[in-house]
Amino acid sequence: MKKVKIKLGSNSYEAHIDSGILSQTGRKLKKAGFVDKVVIITNPVVKGLYGEALEQSLTPEGFTVTTLQVPDGEEQKSLETAGRLYHELANCHAERTTPILALGGGVIGDLAGFVAATYLRGVPLIQIPTTLLAQVDSSIGGKVAVDHGQLKNKIGAFYQPRLVITDIDTLKTLDNKTLSDGLAEVIKYGVIWDKGFLTYLEKNIDRIKSLNEEALEEIIFRSAEIKAEVVAKDEKDLNLRAILNYGHTVGHAIESASDFRVGHGEAVAIGMIAAARISNKMGILSENELLRLESLIKQAGLPTKLPELKVEELISAMQHDKKVLMGKIRFILPEVLGKVFITDEVNLSLIEQVLLD
Ligand SMILES: NC(=O)c1ccc[n+]([C@@H]2O[C@H](COP(=O)([O-])OP(=O)(O)OC[C@H]3O[C@@H](n4cnc5c(N)ncnc54)[C@H](O)[C@@H]3O)[C@@H](O)[C@H]2O)c1
Ligand SMILES: [Zn+2]
């Protein structure tokens, strides 16, 4: 088992990463001092796959388990669904000490996390992420949120979990698209923080795609470690944490201009290349490193080129994004592979030129 420590003073916690670790959840919760009642929040897909294994690890340790389900899908990240869950938590007499176990992908993690942060002014949260994206990204760092109309992820809190239990085996049932969504974020960590990790990804991309356990454990561990390092330096997203948005300026614009037909991972992959090309055209990132990144993204099964979208629409979407400060579009650009900088001084015509390429 690998452990990542997320060091946030009295809010510190660990992510435990291993195959088959789901079956140890009961023991781990007992060791962490929890007793009696636990509530699992999940969806029917994940419950069908892993609900029973989780319950079977909890009951022998003396826990009484209540499982609450929400339908699958991003639309469930809403105040309405949170409201329904508050009622159900009250009905099953969940108390201040009752932990909520978020079993699922980022949608469940964000929603159950939001509910845990607000129900009775906060009950303990345990993240049990089951998608690659959730394992390397959303389960770590304590951002919990629901969507509200146009406000995506904007009604929320910083609320750290007590423990993250990451079972690599759960990735075996993911479809390719959901897996590559996560891979885009994994590549992102290499570009923003660690060139050595990018080299590892280049060497092992085929093993990763074929779900080799050792390779998966390594990339999840290193990604979680990098996110933990960044978050530990800037828990409340005031400065450094912005680098985690590398690829997301153009990425979010592609998602919204395509009415979310282009998935998050694909959009971020194109966004990472766009930012790398901008840096290259500004004379900063070398051609060689740009080509290396393009090749890795392609090998990961992700796109590097824009789908049929109008550049004006993308620019307009970028100007309406939350990363825009005083009308300027904020970019995270690679200086070299492994190191990025934040700038809002990118020329609009350069952005257009790169997107039209
Ligand atoms: N809090 C954060 O810091 C943060 C960071 C990044 C993304 N997010 C959020 O995460 C969400 C996206 O998360 P996601 O990509 O995990 O999507 P998701 O939670 O919708 O999961 C994708 C699909 O996979 C299914 N699924 C989950 N685990 C499975 C498994 N092991 N086997 C088979 N199917 C499985 C789900 O039911 C769903 O249909 C977005 O709402 C995004 O805003 C949050
Ligand atoms: Zn992302």
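The following exercises, with worked solutions, concern a predicted model.

**Exercise 1.** Determine the order of the strands in the open sheet, and identify which strands are the edge strands.

*Solution.* Step 1: the seven strands of the open sheet follow the order β1-β2-β9-β6-β5-β3-β4, and their pairing is mixed. Step 2: β1 (2–6) and β4 each pair on one side only, and these are the edge strands. Step 3: from one strand to the next, the twist averages 20 degrees.

**Exercise 2.** Describe how strand β3 is joined to β4 and to β5.

*Solution.* Step 1: β3 (residues 37–42) pairs with β4 (residues 64–69) in the parallel sense, over six bridges. Step 4: Ile40 stands opposite Thr67 in β4 and opposite Leu101 in β5.

**Exercise 3.** Classify the crossing of helices α12 and α13 by angle and by handedness, and state which residues meet.

*Solution.* Step 1: the axes of α12 (residues 311–319) and α13 (residues 348–356) come within 10 Å and cross at roughly 130 degrees. Step 2: angles over 145 degrees count as roughly antiparallel and those from 65 to 115 as roughly perpendicular; α12 is therefore oblique to α13. Step 3: the crossing is right-handed. Step 4: Val311, Leu314 and Ile315 of α12 meet Leu348, Ile351, Glu352, Leu355 and Leu356 of α13. Step 5: by class, this contact has seven nonpolar residues, no polar ones and one charged residue.

Methods
Residues numbered from 1 in each chain as written. Chains lettered and ligands numbered in written order. Predicted model: local features only at pLDDT ≥ 70, side-chain atom pairs only at ≥ 80, totals over all residues. Axes fitted to C-alpha atoms, helices over the stretch in contact; angles between N-to-C directions. Helix = DSSP H or I, 4+ residues; strand = E, 2+ residues; numbered from the N terminus. Parallel < 35°, antiparallel > 145°, perpendicular 65-115°, else oblique. Left-handed = near helix turned anticlockwise from the far one by under 90°. Contact = placed C-beta atoms within 7 Å. Nonpolar A, V, L, I, M, F, W, Y, C, P; charged D, E, K, R; others polar. Pairing = 2+ DSSP bridges.
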